[in-house]
Amino acid sequence: MVEFVLETASSMIKNVTGTIGIYGKLTSTLLNLFTDYENRIRELTRQTITPLDEAAETVRGVKNGVDRLIARFPGLIDSLRPYIDSALFDQDDYLNIHLYNTAAIHILKDMETLFKDIVFQLSNEKGLAIDALCQVSKDLLNNMSILEQQVQRVTLT
């Protein structure tokens with residue numbers, strides 16, 4: 001659609017420029033004798049049309065690239081399938097991911113316990129600095145909870 005709009009705009013500008021010079025009329029002939037009006041209009045038109053034509057070419061190239069990708073996507077997936085299968089389903093690699101996530105969850109649980117204790121001890125204290133530390137600890141505890149949920153899903157979003 002963008003390609004069509006750009007080509008239509010370019011064509012319309014070219015058509016309008018073609019009708020500027022009214023040959024056979026006395027006013028047009030006199031105007032062309034004393035000025036370069038028509039040449040300036042043609043030059044401005046060329047300067048205007050060039051970016052439109054270049055943009056249309058770029059859009060056309062992107063469209064062709066996407067069409068080729070869609071046509072060749074199944075072949076691309078078939079070529080990458082051994083690597084994908086190895087990364088996702090190789091038992092040794094999956095076991096390493098599982099061990100990493102288990103260790104991460106245990107570390108997060110230990111940190112969560114520590115920060116719950118810090119929040120508990122600071123919540124009874126009075127003072128702006130202590131209140132600020134308590135709030136930061138609560139925020140950190142909340143962030144750790146979110147991270148733990150993401151690790152348990154084996155994804156980081």
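Guide: Start with contacts, meaning heavy atoms within 4.5 Å. Among contacts in the protein with a separation of 6 or more, 64% join residues 24 or more positions apart. This is a predicted model: local features need pLDDT of at least 70, side-chain atom pairs count only at pLDDT 80 or more, and totals for chains, interfaces and linings use all residues. Residues are numbered from 1 along each chain as its sequence is written, and side-chain values use heavy atoms, with hydrogens and water left out.

The predictor's confidence in each residue is its pLDDT, from 0 to 100. The protein's mean is 76, and 78% of its residues reach 70 or more.

The protein has five helices and zero strands. These are DSSP runs, numbered from the N terminus: helices are H or I, at least four residues, and strands are E, at least two.

Next, burial. Buried means under 20% relative accessible area, exposed over 50%, partly exposed in between (1.4 Å probe, protein chains only). Of the protein's 157 residues, 16% are buried.

Here is your core. A nonpolar core is a set of buried Ala, Val, Leu, Ile, Met, Phe, Trp, Tyr and Cys residues joined through side-chain atoms within 4.5 Å. The largest one has seven residues: Ala 104, Ile 105, Leu 108, Phe 115, Leu 141, Met 144 and Val 151. H4 gives the largest share, four residues.

For contrast, look at Tyr 83 in helix H3 (residues 37-89). Tyr 83 counts as exposed because its relative accessibility is 62%.
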